There are 4 protein chains.
Amino acid sequence: MDAGLPRRSDQIFDAALTLLAEGGYQRLTVEGIAERSGVHKTTLYRWWPSKDALLGRALVESRLLDVEMPDTGTLRGDLEHLVGSAVRLLTAPATAPVIAAVLAGAGEHPALAGHARAFFADRLGRERAVVDRAVARGELPPDVDAMLLFDLLGGAVWVRVLLRRLPPDPDTPARVVRAVLHGLSA
Amino acid sequence: MDAGLPRRSDQIFDAALTLLAEGGYQRLTVEGIAERSGVHKTTLYRWWPSKDALLGRALVESRLLDVEMPDTGTLRGDLEHLVGSAVRLLTAPATAPVIAAVLAGAGEHPALAGHARAFFADRLGRERAVVDRAVARGELPPDVDAMLLFDLLGGAVWVRVLLRRLPPDPDTPARVVRAVLHGLSA
Amino acid sequence: MDAGLPRRSDQIFDAALTLLAEGGYQRLTVEGIAERSGVHKTTLYRWWPSKDALLGRALVESRLLDVEMPDTGTLRGDLEHLVGSAVRLLTAPATAPVIAAVLAGAGEHPALAGHARAFFADRLGRERAVVDRAVARGELPPDVDAMLLFDLLGGAVWVRVLLRRLPPDPDTPARVVRAVLHGLSA
Amino acid sequence: MDAGLPRRSDQIFDAALTLLAEGGYQRLTVEGIAERSGVHKTTLYRWWPSKDALLGRALVESRLLDVEMPDTGTLRGDLEHLVGSAVRLLTAPATAPVIAAVLAGAGEHPALAGHARAFFADRLGRERAVVDRAVARGELPPDVDAMLLFDLLGGAVWVRVLLRRLPPDPDTPARVVRAVLHGLSA
DNA sequence: TCGTAAGCGAGACGGTACGTCCCGTCTTGAA
DNA sequence: TTCAAGACGGGACGTACCGTCTCGCTTACGA
C-alpha cells in the first residue's frame, strides 16, 4: 500500500499494542517497544518520528479495531449488531485497553487524535451501506442524517461504557436502538 | 470539604489550570506549576501525591465545569440549552483543554477517573429535575429512561466534537434534541 | 577555594582520571564516570557542562601533576631535577596516560587545551623562583628569558618522550641541561 | 607505494582533510567524508579499517606537511629557516588543525602514532644534512648531538605554539636559535 | 512568652525516557 | 561477482521531568 516498513514491523507493532494494552499510554515507551520487539531504539526513530506516529500506524496495520458490517435484513437488526460490536470493542480485554489508551492519549496528542478521527471517518463510510439499505427498504427517510444516527448510537455506548463505567447489560443495544429509531418523547 | 490545603492553594490551582489550558496535559509539569505559583516543588508533593491528584482537586475547587440547569418551560428548550452548554464546554478555549486533559488522565489515573465519574453522576442528578418537570407536563412518559436520554444527547455531542472534530454548527442542538425526542426512523 | 562541588566529587574525579588513564580520552565517557563513581549521569551534567569541564576540574583537584620545585643550591642541579621530574611525569604509569590523554584531547577540545595552558602558566610561575635564585647567584644574566629556558628544556623532553618515543635514558637530563645552558655550537 | 586505493581516492582524501581543517578532529566523521566525497560509507570501510587509518593515509598522500630543507650557507640561517617553517606549519590555517588532529589521534591510535613517528624520523634524516654542512664549516663540533639540537629547537616551538599558545612573534626563530647555539647561562 | 512542631523554600540527587549522532556491520539488489 | 545503497545493532550524548531526600528558616500555637 504505502512504502517502507522496517523488516520486523510485525514484532514492532505487536510490541507497541501489547505494551499499550498492558500499561496505558503513559507506560508505552519507545525504549520498551524497542526492547520488546528486539529492535534497536534507533531503528524505531529511523522509521517513525514519534511514538504516536508509530502507534497510529500500528493501529491501522493490526486489524484489531476492524468491525464487520452486518446485513441482517432489518435496520434494527443491523444497528443492534453494530451497537453490540461497539460495546464488545470497548469492553473486550484485548481491545478495551487499546481504545481507552488511544482516546486518552488523543486528548493530549494531536497525532493520535488524527488517527482516531480517521478511524471514525472510515468506519462511518462503511456504516453508510447499512443506512442505504434501510432507506431502500423504506425503514429510514431518504434524507436521514446517517452521521447523526451513528453518533447517537456510538456516543451513548461511549458515555455509558467509558465515562459512566456502567456494568455490561445485554439489553443495552436493543434499548439504545429503539430510542434512536423512535425517540423518547411521550 | 476535606482538610488541609497549602497556603497558596489559589495560586497553585490557577497555575495548574492556566498551564493546562496553555499547553495541554503534556506540558503541564509539576515543576512548571511550582515555578508559576511561586511555590516550591516539594510543597506540591507534600500535599498531593501526583500531578493528577493536584489537577483533580484544582478542577473541583474551580467551578470551571459547572453547568447551570435551565428551566425554559419546555423540554425541548431545556434540552437544547443543555446541549448548547455541553458544546460550549467542549469547545471554549478555557474549558476544552481542561476536559481533554482530564479525560486523558482518567485513562491512566483511577483517581482522576473517579472524579470524572462523580462529575457525571452529579450532573445527571441535577439533570433529572429537567426530566421530572417534563414528565409532569406530559412531555415524556413517566417511565422514561433519563440516563439514556442524557447519554444519547451527551454522547452525540461528545463524539461529534471530540472524536470527529466537526466544526461548530448552531443547528446541532436542535437537530440532536429532535432526533432524541422523536427518533430517526421513517 | 571556589564554590560548589557535588557531594561525591572525590569519587567522581577518581573515576574520571582512572578511566582516562585506562582507556584514553576516547573511552572516557560521562556514563562511565557515572557508573564508576556511583553517581548518576544527571548529577554530572548538573555540575559540569561537559566531559571536558569535569576532566579539567578533576586534573586541578587531584594533585597528580604537581611538581615540587627543587632548591639544590645550583642552577644545574635545579634544572636537572626539573627535567627529571618532567621525564618521570611523562613516563610513570600513573601519570603518563593522563598527560597523553589530556594533550591528545587538547588538540580537539579547546576546553582541555585551556586547562593545559593554565597548567603550564602556573608551572612557569613557580619555576621562576629557580631562575631568580640563579640570577642572584650570578649563574644566569639578569635579563635571561625564563620562559624560553623552560620551553627549551620542557620542549626537548616532550619531543623525545612523546613524539620520538625514545627509550628512557638516565643521561638525558644532564645532556639537555648542559645544552641549554652552554649551547651546542663549536 | 602500497597497493590498492579506491577509484575516487583523491576526492576522499580531499574531503577528509577539508573536513578536518574545517571542524577539527571532532567533526571529522566517516559519514561526513562519505557524503562529501560522493562515496558510500561502506566503501571507506572496505579500504581503511578506521577513520584514523584513512586520515593517516590522506596525510601521507597529500604533501601538506613537507618541509623544504634550506641551504643558506650558515648554520644560523638554516636553523632559523627551519624554525620559521615549523612555526608556520603549526599555525597556518591549512596545516595547524591537521597537525593538532594527528597528534590527537596519535594518543589513541598506534597507527597514527606510527605515522607521526615516521614523519619525525624522516624529517630528522633530512635535517642531518644541515648539521653535516655546519660541521664541515666548523660551526658545530663533529660529535654534536643532531637529534638533541633539533629536539631543542622543535620542542621549544612546539611548547610555545601549541601548549602556551603564544601569539606569533617574528623574533622567535632568531632567539630560539641563538639560545640553542650559545646557551643561556651567564 | 517561648519552645516545639508544622509548613515551607531551597536544591541535590537517583532515576526513566527522550530524541540525536555517529560508529562499524550486515544485507540486498543491480550492473 | 562486485559494490552501490542503506538498514541495522549499538553506544553515548545531552535534556526534561519525575519523585525523594535532607537541610534550615519562619511562623504560629499551646503550655
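Let's start with surface: chain A has an accessible area of about 8,900 Å², and carbon and sulfur atoms account for 54% of that. Keep in mind that this is a predicted model. Along its principal axes, the C-alpha trace of chain A spans about 60 × 35 × 25 Å.

## How chain A is built

Of its 186 residues, 51% are buried.

What about contacts along the chain? Counting those in chain A between residues at least 6 apart in sequence, 63% join residues at least 24 apart.

## Empty space inside

Rolling a probe the size of a water molecule over the atoms shows where empty space is left. How many cavities of 30 Å³ or more does the structure hold? There are two.

The largest cavity has a volume of about 40 Å³. Its lining is made up of Val30(D), Leu44(D), Tyr45(D), Trp48(D), Ser50(D), Lys51(D) and Leu54(D). In chain D, α3 (41-47) and α4 (51-61) are the elements that each give two or more residues to this lining. By class, that lining has five nonpolar residues, one polar and one charged.

The second largest cavity holds about 30 Å³ of space. Around it sit Val30(B), Leu44(B), Tyr45(B), Trp48(B), Ser50(B), Lys51(B) and Leu54(B). Here α3 (41-47) and α4 (51-61) of chain B are the elements giving two or more lining residues. The lining of the second largest cavity divides into five nonpolar, one polar and one charged.

Methods: Residues are numbered from 1 along each chain as its sequence is written. Chains are lettered from A and ligands numbered from 1 in the order in which they are written. This is a predicted model: local features need pLDDT of at least 70, side-chain atom pairs count only at pLDDT 80 or more; totals for chains, interfaces and linings use all residues. Side-chain values use heavy atoms; hydrogens and water are left out. On a 1 Å grid over the protein atoms alone, a cavity is a set of points where a 1.4 Å probe fits but cannot get out, and a pocket is an open set with protein on both sides within 12 Å along at least five of seven lines; lining residues have an atom within 4 Å of a point. Grid points are joined across faces, edges and corners, and a volume is the space filled by probe spheres set on the points. Helices (H or I, at least four residues) and strands (E, at least two) are DSSP runs, numbered from the N terminus. Ala, Val, Leu, Ile, Met, Phe, Trp, Tyr, Cys and Pro count as nonpolar, Asp, Glu, Lys and Arg as charged, and the others, Gly among them, as polar. Buried means under 20% relative accessible area, exposed over 50%, partly exposed in between (1.4 Å probe, protein chains only). Contact means heavy atoms within 4.5 Å. Accessible areas come from the Shrake-Rupley method with a 1.4 Å probe; for residues, only the protein chains shown count as cover.
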